[in-house]
Amino acid sequence: MGHIMKALPELFDNNRKWASRITAEHPDFFTGLAAQQAPKYLWIGCADSRVPANEIVGLLPGELFVHRNVGNLVIHTDMNCLSVLQYAVDILNVKHVIVCGHYGCGGVKAALEDQAHGLVDNWLRHIRDTYTRFGRHFEGISDNAERVRRLCELNTIEQVINAGNTTIMQDAWRRRQDVAIHGWIYDIADGMLKDLDVCVTSPRELDLLQRKK
Ligand code: CO
């Protein structure tokens, strides 16, 4: 106590430089954005500081609607995530919902451990459940790091399925709205994105994906 900074001047300094750099390049940038946003993509990713959504895919403010939480989870009772999804699909009319997991996810790692971490363990329980449900995918994998990598992928696929099963996506597809859900994974070790090839654009494709696992 007493030593904590109540102002963070370096961050405000960064902000001033950032805003003037963008304004110098595009004088109308902020005034245009203030009037409206029309992003084509919704990003559902992990809260991890090493996975900055816009930077990874080279998109500017206004181009990516973003929701992040620990472990990039889409939980059917999470009004926060569902509200973001609903607003993105119904009002912003995004064409693509990107669920992006990442290798080296602390949430996934923690879900595989027996160690207690407090409240967050209740959230991570969803990842542990996925691990249990996909048990057969782990049978031949003895290396722990490899198990974590595999679970990072499977957890992402599970969230694509969860997103697809929401009333929001089901209703959108029923009214023939063009909207796809993608499952990608990002590698914090080299900055590269990989498509997990689980894209779904209809209840039928979602059904096929669910049966594949
Ligand atoms: Co993570």
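A: Let us begin with a term: a residue is buried under 20% relative accessible area, exposed over 50% and partly exposed in between, with a 1.4 Å probe and protein chains only. The model is a predicted one, in which local features need pLDDT of at least 70 and side-chain atom pairs count only at pLDDT 80 or more, while totals for chains, interfaces and linings use all residues. Residues are numbered from 1 along each chain as its sequence is written, and side-chain values use heavy atoms, with hydrogens and water left out.

Q: Which residues coordinate the cobalt ion?

A: Donors are N, O and S atoms within 2.8 Å of the metal (3.2 Å for Na, K and Ca); water is not among the atoms, so sites may look incomplete. Here Cys-46 (SG), His-102 (NE2) and Cys-105 (SG) coordinate the cobalt ion at 2.0 to 2.3 Å.

Q: Where do Cys-46 and His-102 lie?

A: Helices (H or I, at least four residues) and strands (E, at least two) are DSSP runs, numbered from the N terminus. Cys-46 belongs to strand E1 (residues 41–46) and His-102 to strand E3 (residues 96–103), so the pair ties together parts 56 residues apart in sequence.

Q: Is His-102 buried or exposed?

A: His-102 is buried, at 1% relative accessibility. Cys-46 is also buried, with a relative accessible area of 5%.

Q: What does the secondary structure of the chain come to?

A: The chain has nine helices and five strands. Of its 213 residues, 41% are buried.
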